[in-house]
Amino acid sequence: MATDEEREELQAKHRKETKELRAKVQALKNAVPKGDKKRKKQATEEIAKLESEMATRHAAETAALESGHSEAASASAASASAADAHPEEDTSIEESDAATAASAATGEVASGERLSKAARRKLKKDQAAKERDDRIEEATKAAVNSDRNVEQRHLTALLSSLSLQVHQVEADGNCLYYALAYQLHNRHRESDMRALRRQAADFMLEHPADFEGFISDAEVQGDDQSSEGSHFERYCRSVAETNEWGGQLEIQALARATNRRVVIYQAGTPEVTIGEDSSMPPLRLVYHRHDIGSGEHYNAAVPAEDLDS
């Protein structure tokens with residue numbers, strides 16, 4: 001298993017690459033002439049391709065880091081076991097194997113000639129690099145058909161057919177509210193997200209008959225059975241005050257509170273519309289079942305021509 005330090009190093013690398021990609025995506029958006037639909041479509045497809053490639057590469061590197069340590073530990077244990085059983089043979093066998101491998105690789109070492117320590121270190125380093133590259137290649141092939149990437153390809157095709165694209169928000173439990181707040185205010189602010197949470201909670205409290213029966217007796221985040229109020233009231237307080245993940249009940253409350261229809265797109269199933277007909281444009285959500293590191297997740301779906309958002 002990889003160490004925490006190695007994981008943090010890889011995560012830092014991934015964060016840096018994600019930041020660089022965002023800058024590149026913004027540059028692609030800014031390069032599209034206003035009103036040029038062909039260039040807009042090309043830019044949208046290129047952005048989707050870049051994001052998919054990065055997600056696949058990050059998944060492969062993460063898998064390679066973990067599997068590499070597992071394999072190394074197994075190999076080390078086997079080597080240690082063999083050395084314990086035949087300590088007198090260990091050094092000579094190791095040197096012989098290294099010399100044979102180096103000879104086969106370069107053809108420059110005569111039979112029976114011992115390698116220098118520097119040559120052995122270089123050989124070991126080269127072999128480790130090759131094994132790492134092989135693991136990354138195998139993990140990349142597997143990642144292409146991972147649940148997340150299959151879902152992402154389906155969603156990209158679906159949204160592209162509707163001239164929509166994903167606007168990503170943080171996967172921190174507040175994703176539903178950030179995705180809706182962005183469309184309502186055309187900006188990304190925590191204050192807007194918190195206001196939507198309070199609006200959802202207030203609407204549910206004002207219409208308990210429409211919501212209370214759908215809330216189970218299971219504890220909610222931060223629920224204190226001894227605190228004041230019914231379970232339903234504590235649930236609504238959790239909606240307003242915590243980072244508890246929002247779902248269909250909260251979408252229903254916000255659709256009615258804002259007098260807007262909410263359309264939800266997901267891979268493999270028809271779109272779902274919540275709320276009454278309205279003259280206002282709908283709010284659009286993309287529901288991900290297999291988002292990396294967070295499982296279920298909501299993003300906003302915005303018009304593809306709105307590339308400066």
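User: Let me start with one residue I was looking at: is Y298 buried or exposed?

Analyst: Y298 counts as buried, because its relative accessibility is 6% and buried means under 20% relative accessible area. Please keep in mind throughout that this is a predicted model.

User: Good to know. What does the secondary structure of the chain come to?

Analyst: The protein chain has ten helices and five strands. Of its 309 residues, 35% count as buried, and among contacts between residues at least 6 apart in sequence, 57% join residues at least 24 apart.

User: Is W245 buried, exposed or partly exposed?

Analyst: W245 counts as partly exposed, at 32% relative accessibility, whereas Y298 is buried at 6%.

User: Which residues make up the cluster of ring pairs there?

Analyst: The cluster consists of W245, Y287 and Y298, which are linked by ring pairs.

User: How many aromatic pairs does a search of the whole structure find?

Analyst: The search finds three aromatic pairs. One of them joins F203 and F211 in an edge-to-face arrangement, with 6.2 Å from centre to centre and 80° between the planes. Both F203 and F211 are buried.

User: Switching to the strands: what does β2 pair with?

Analyst: Strand β2 (residues 262-266) is joined to β3 by four bridges, and these two strands run antiparallel. With β4, β2 pairs in the parallel sense, over four bridges. As for facing residues, V263 stands opposite T273 in β3, and Y265 stands opposite V286 in β4.

User: How many residues of β2 are buried, and on which sides?

Analyst: Five of the five residues of β2 are buried. In a regular strand the side chains alternate between the two faces of the sheet. In β2, V262, I264 and Q266 lie on one side and V263 and Y265 on the other, and both faces are covered.

User: What happens in the hairpin of β2 and β3?

Analyst: The hairpin has two residues between the strands, and G268 takes a positive phi near 85° there. Another positive phi, near 55°, belongs to N259, which follows α10. Helix α10 itself spans residues 248-258, and its buried residues include L249, I251 and L254.

User: Where does E276 lie, and is it buried or exposed?

Analyst: E276 lies in the loop between β3 (269-274) and β4 (283-291), and it counts as exposed, because its relative accessibility is 64% and exposed means over 50%. Its C-alpha atom is separated by 7.3 Å from that of R260, which is 16 residues away along the chain.

User: What about H14: which helix holds it, and what is it in contact with?

Analyst: H14 is found in helix α1 (residues 4-30) and counts as buried, at 10% relative accessibility. Setting aside neighbours within four places in sequence, H14 is in contact with H58, E61 and T62.

User: Last one: how many disulfides are there?

Analyst: A search of the whole structure finds zero disulfides. As for individual cysteines, C175 is buried at 2% relative accessibility, and C236 is buried with a relative accessible area of 1%.

Methods:
Residues are numbered from 1 along each chain as its sequence is written. This is a predicted model: local features need pLDDT of at least 70, side-chain atom pairs count only at pLDDT 80 or more; totals for chains, interfaces and linings use all residues. Side-chain values use heavy atoms; hydrogens and water are left out. A disulfide is a pair of cysteine sulfur atoms within 2.5 Å. Buried means under 20% relative accessible area, exposed over 50%, partly exposed in between (1.4 Å probe, protein chains only). Two strands pair if DSSP finds at least two bridges between them. Rings of Phe, Tyr and Trp (its six-membered ring) pair if their centres lie within 6.5 Å; planes under 30 degrees apart count as stacked, over 60 as edge-to-face and the rest as tilted. Contact means heavy atoms within 4.5 Å.
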